[in-house]
Amino acid sequence: MANVEQVEKEIEHLITFIKKLGKKNDKGQYVVKFGTLFDDDEAQQIFEAIVGTLKAAKKRKIIKFKGQILLKGAHDDVPITLLQQNEDKEEDNNGGDNNNNDNDNDKNQNDDQKQGGD
C-alpha cells in the first residue's frame, strides 16, 4: 500500500507544479509544457520518476496530454492540461469568482444595522 500512497503524494506534487509553472487557458485550466515541467530544478528534486507520475495522473483523469508517454527532447512542447483542482487558493479563501462570501458579509452588515441602528 505504501506504493499507492507514494503515487498519490507525487500526483499532489504534480498538481502543485503544474499550477506553479503553468498558465490558465481560456477554460480556466492550468497548462504547462512537458519540457518546462521536466526541466524545473525543484520538480527534479521532488519526483522520482516524473514520467510515471504523469502516466498515473492521466490514468486517473487528473491531467491530459497527447500520446501515451512523454519523453524529454521529443515531447518538450507537448502541453499538459490540469483537468481537476484548477481553483486558486486566493479564490477559495477570498471568494474569487464565487460571490457567496460577499453576500454573507452584506447580510451580516444588514443584520448588525437592524440590531443597533436606531
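Q: What is the relative accessible area of Lys72?
A: The model is a predicted one. Buried residues have under 20% relative accessible area and exposed ones over 50%. Lys72 is partly exposed, and its relative accessible area is 38%.

Q: Which residue forms a salt bridge with Lys72, with the closest N and O atoms 2.9 Å apart?
A: A salt bridge needs a side-chain nitrogen of Lys or Arg within 4 Å of a carboxyl oxygen of Asp or Glu. For Lys72 the closest N and O atoms of such a pair are 2.9 Å apart, and the partner is Asp76.

Q: How many salt bridges does a search of the whole structure find?
A: Among them are the bridge of Asp76 with Lys72, that of Glu42 with Lys20 and that of Glu8 with Arg60. The number found in the whole structure is four.

Q: How many residues apart in sequence are the parts that Glu8 and Arg60 tie together?
A: The side chains of Glu8 and Arg60 meet in a salt bridge of 3.1 Å, N to O. Glu8 lies in helix 1, while Arg60 lies in the loop between helix 4 and strand 3, so the parts they tie together are apart in sequence by 52 residues.

Q: What is the relative accessibility of Arg60?
A: Glu8, its salt-bridge partner, counts as partly exposed at 35%. Arg60 also counts as partly exposed, at a relative accessibility of 34%.

Q: Which helix holds Glu42, the salt-bridge partner of Lys20?
A: The closest N and O atoms of Glu42 and Lys20 are 2.5 Å apart. This pair links distant parts of the chain, 22 residues apart: Lys20 is in helix 1, and Glu42 is in helix 3.

Q: Why are the buried residues of helix 4 on the same side of it?
A: Helix 4 covers residues 50–59, and its buried residues are Ile50, Thr53, Leu54, Ala56 and Ala57. They are on the same side because the arc they cover around the axis is only 165°.

Q: Which exposed residues does the face of helix 4 turned away from its buried side carry?
A: The buried side of helix 4 includes Leu54 and Ala57. The face turned away from that side carries two exposed residues, Lys55 and Lys59.

Q: By what distance are the C-alpha atoms of Val51 and Ile69 separated?
A: Val51 is found in helix 4 and is partly exposed, with a relative accessible area of 24%. Leaving aside neighbours within four places in sequence, Val51 is in contact with Phe34, Ile69 and Leu70. Ile69 is 18 residues from Val51 along the chain, and their C-alpha atoms are separated by 7.0 Å.

Q: Which element gives the largest share of the largest nonpolar core?
A: This core has 22 residues, and those with the most contacts inside it include Leu14, Leu54 and Ile80. Two or more residues each come from helix 1, strand 2, helix 2, helix 4 and strand 4. The largest share, five residues, comes from helix 1.

Q: Which residues does Leu54 touch, not counting those up to four places away in sequence?
A: Leu54 is a buried residue of helix 4 and among those with the most contacts inside the largest nonpolar core. Beyond four places in sequence, the residues touched by Leu54 are Leu14, Phe34, Leu37, Ile63, Phe65, Leu70 and Ile80.

Q: Which strands stand at the edges of the open sheet?
A: The sheet has four strands in the order 1-2-4-3, with antiparallel pairing. An edge strand has a single partner, so one of its sides is left without a neighbour in the sheet; this applies to strand 1 and strand 3.

Q: What is the bridge partner of Lys64 in strand 4?
A: Strand 3 and strand 4 pair in the antiparallel sense over two bridges. In strand 4, the partner of Lys64 is Thr81.

Q: What is the phi of Lys61, which is not a glycine?
A: Lys61 is found in the loop between helix 4 and strand 3, just after helix 4. At 59% relative accessibility, Lys61 counts as exposed. Its phi is positive, at about 60°.

Notes: Residues numbered from 1 in each chain as written. Predicted model: local features only at pLDDT ≥ 70, side-chain atom pairs only at ≥ 80, totals over all residues. Heavy atoms only, no water. Buried < 20%, exposed > 50% of the residue type's maximum accessible area, 1.4 Å probe, protein only. Arc of directions from axis to C-beta. Pairing = 2+ DSSP bridges. Core = buried A, V, L, I, M, F, W, Y, C linked by side-chain atoms within 4.5 Å. Contact = heavy atoms within 4.5 Å.
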